[in-house]
Amino acid sequence: MIERTLAILKPDCVRKNLTGEVIARIEKAGFKILGMKKIKLTKETAGGFYAVHKGKPFYEGLVEFMSSAPCVPIALEKDNAIADYRTLIGATDPKDAAPGTIRKLFADNKGENIVHGSDSPENGKIEIGYFFSEKELIELG
Ligand code: DAT
Ligand code: MG
């Protein structure tokens with residue numbers, strides 16, 4: 001089934017000059033880019049995006065990190081996008097990520113792990129809507 005997922009190239013990815021490298025891997029894996037932008041999240045925007053984790057021990061650090069430098073949200077589309085993108089990026093903690101995955105290759109630790117990915121088709125649509133309006137999502141045509 002054709003699905004959408006929200007990728008975010010996180011502040012560590014931008015700081016390390018790895019955005020092109022990561023986008024190339026996403027494109028080679030067959031994802032189509034519907035929308036892409038570079039923004040700097042405020043603490044409020046980062047906190048709202050990760051509201052599901054509010055109250056967890058890592059929440060404050062996560063919000064601090066996500067608002068510490070620009071990031072690059074990318075709306076992606078592909079058959080089986082949710083699972084295929086999570087396979088491409090690897091486990092949340094790079095220590096547990098499979099060899100060759102984006103997090104294994106580039107992430108320093110569980111908190112600063114280079115990329116975000118949605119966890120279900122429903123959340124993919126909701127998360128894309130957090131960063132993109134309908135008219136900013138452009139299909140190949
Ligand atoms: P994922 O990004 O793989 O979907 P998640 O939804 O469980 O992982 O958590 C969202 C982000 O929060 C994750 O990318 C990094 C951070 N995070 C999660 N668990 C953490 C922990 N135990 N320590 C530090 N940061 C954590
Ligand atoms: Mg998640």
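This report walks through the strands, cores and salt bridges of a predicted model.

## Before we start

In this predicted model, local features need pLDDT of at least 70 and side-chain atom pairs count only at pLDDT 80 or more, while totals for chains, interfaces and linings use all residues. Residues are numbered from 1 along each chain as its sequence is written, chains are lettered from A and ligands numbered from 1 in the order in which they are written, and side-chain values use heavy atoms, with hydrogens and water left out.

Let us begin with strand S3, residues 72-79. Helices (H or I, at least four residues) and strands (E, at least two) are DSSP runs, numbered from the N terminus. S3 pairs with S1 in the antiparallel sense over eight bridges, and with S2, also antiparallel, over four bridges. Two strands count as paired if DSSP finds at least two bridges between them.

How many of the eight residues of S3 are buried? Seven are, so S3 is largely enclosed by the rest of the structure. Here, buried means under 20% relative accessible area, exposed means over 50%, and partly exposed lies in between (1.4 Å probe, protein chains only).

In soluble globular proteins, nonpolar side chains tend to be buried together. A nonpolar core is a set of buried Ala, Val, Leu, Ile, Met, Phe, Trp, Tyr and Cys residues joined through side-chain atoms within 4.5 Å. The largest one in this model has 21 residues, and the members that touch the most others are Leu-9, Val-22, Ile-26, Tyr-85, Ile-102, Ile-114 and Val-115. At least two residues each come from S1, H1, H2, S3, H5 and H6, with H5 giving the largest share, four residues.

Leaving aside neighbours within four places in sequence, Tyr-85 is in contact (heavy atoms within 4.5 Å) with Thr-5, Ala-7, Ile-26, Phe-31, Leu-76, Val-115, His-116 and Gly-117.

## Charged pairs

Side chains of opposite charge can pair when their charged atoms come close. The structure holds eight salt bridges, each a side-chain nitrogen of Lys or Arg within 4 Å of a carboxyl oxygen of Asp or Glu. One of them joins Lys-37 and Glu-136, at 3.2 Å from N to O. These two are 99 residues apart: Lys-37 is in the loop between S2 and H3, and Glu-136 is in the segment after helix H7. Lys-37 is partly exposed at 23%, and Glu-136 is partly exposed at 32%.

In the pair of Asp-84 and Lys-78, the closest N and O atoms are 2.5 Å apart. Is Lys-78 buried or exposed? Lys-78 counts as buried because its relative accessibility is 16%, whereas Asp-84 is partly exposed at 27%. Asp-93 and Lys-95 also form a salt bridge, at 3.7 Å; Asp-93 is buried at 12%, and Lys-95 is exposed at 67%. Arg-4, Glu-77 and Glu-139 are linked in a network of salt bridges.

## A stop in helix H3

Finally, look at Thr-45 in helix H3, residues 43-49. Thr-45 counts as partly exposed because its relative accessibility is 29%. Thr-45 and Gly-20 are 25 residues apart in sequence and 25 Å apart in space, C-alpha to C-alpha.
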